[in-house]
Amino acid sequence: LVICNAIEIMVLFAIFYYSFGRLFPDIGSTEPPLHNFFEALYFSVNTGTCIGFGIPYPHGWIIKLLTMLEGSSIVLVVIAVIGYIINEKS
């Protein structure tokens, strides 16, 4: 269940990254730009799993904000599930 939630979050943010990069290239792009959805998904998985290879990297302020939100939301999902498991065990 946790993996499914994390994948859902990553796909949702990949849609955001791709859309904002196309709609607002000045403030919503990455460097190098994301040319297709697969590149946006790659960037989202890198961000969500905290790997952060650095290519591509966020360039506009909207993308920087989205990457912070994605990283935080994935961590919060994992923490919530761990807390739930610990609560059920005790």
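**The aromatic rings and their surroundings**

Tutor: Of the 90 residues of the protein, 29% count as buried. The model is a predicted one, and the description that follows begins with its overall layout. The protein contains 3 helices and 2 strands, and from the N terminus on these elements follow the order α-β-α-β-α. Taken along the principal axes, the box filled by the C-alpha atoms is roughly 50 × 20 × 20 Å. The protein exposes about 5900 Å², of which carbon and sulfur atoms supply 74%. Consider also the contacts between residues at least 6 apart in sequence: 63% of them join residues at least 24 apart.

We may now turn to the rings. The structure holds 5 aromatic pairs. One of them is formed by phenylalanine 13 and phenylalanine 16, whose ring centres lie 5.7 Å apart, with 90 degrees between the planes; this pair is edge-to-face. Both residues belong to helix 1, and because they are 3 residues apart there, about one helical turn separates them.

Phenylalanine 13 has a relative accessible area of 9%, and because buried means under 20%, phenylalanine 13 is buried. Phenylalanine 16, at 31%, is partly exposed, because this value falls between the limits of 20% and 50%. Phenylalanine 16 also pairs with phenylalanine 20: the ring centres are 6.4 Å apart and the planes meet at 50 degrees, so this pair is tilted. Here the angle decides the name, because planes under 30 degrees apart count as stacked, those over 60 as edge-to-face and the rest as tilted. Phenylalanine 16 and phenylalanine 20 are 4 residues apart in helix 1, and therefore they too are separated by about one helical turn. Phenylalanine 20 is partly exposed, with a relative accessible area of 24%.

These pairs belong to a wider arrangement. Ring pairs link Phe13, Phe16, Tyr17, Phe20, Phe24 and Phe43 into a cluster. Helix 2 itself has 12 residues, and from its first C-alpha to its last it reaches 16 Å, close to the 16 Å expected at 1.5 Å a residue. Asparagine 46, also in helix 2, has a relative accessibility of 7% and therefore counts as buried. Leaving aside residues up to four places away in sequence, asparagine 46 touches Ile51, Gly52 and Phe53.

Helix 1, which spans residues 2-23, gives the most to the patch, with 6 residues.

Helix 3 has 29 residues and reaches 42 Å from its first C-alpha to its last, close to the 42 Å expected at 1.5 Å a residue. Its buried residues are Ile62, Ile63, Leu66, Thr67, Glu70, Gly71, Ser73 and Ile74. Their cover includes helix 1, strand 1 (30-31), helix 2 (37-48) and strand 2 (57-58). Valine 78 likewise lies in helix 3, which comprises residues 61-89, but valine 78 is partly exposed, with a relative accessible area of 36%. The C-alpha atoms of valine 78 and asparagine 5 are separated by 9.4 Å, although these residues are 73 residues apart along the chain.

Terms used: Residues numbered from 1 in each chain as written. Predicted model: local features only at pLDDT ≥ 70, side-chain atom pairs only at ≥ 80, totals over all residues. Heavy atoms only, no water. Buried < 20%, exposed > 50% of the residue type's maximum accessible area, 1.4 Å probe, protein only. Expected span 1.5 Å × (residues − 1). Contact = heavy atoms within 4.5 Å. Phe/Tyr/Trp six-rings, centres within 6.5 Å; stacked < 30°, edge-to-face > 60°. Areas by Shrake-Rupley, 256 points an atom, 1.4 Å probe, with all protein chains shown as cover.
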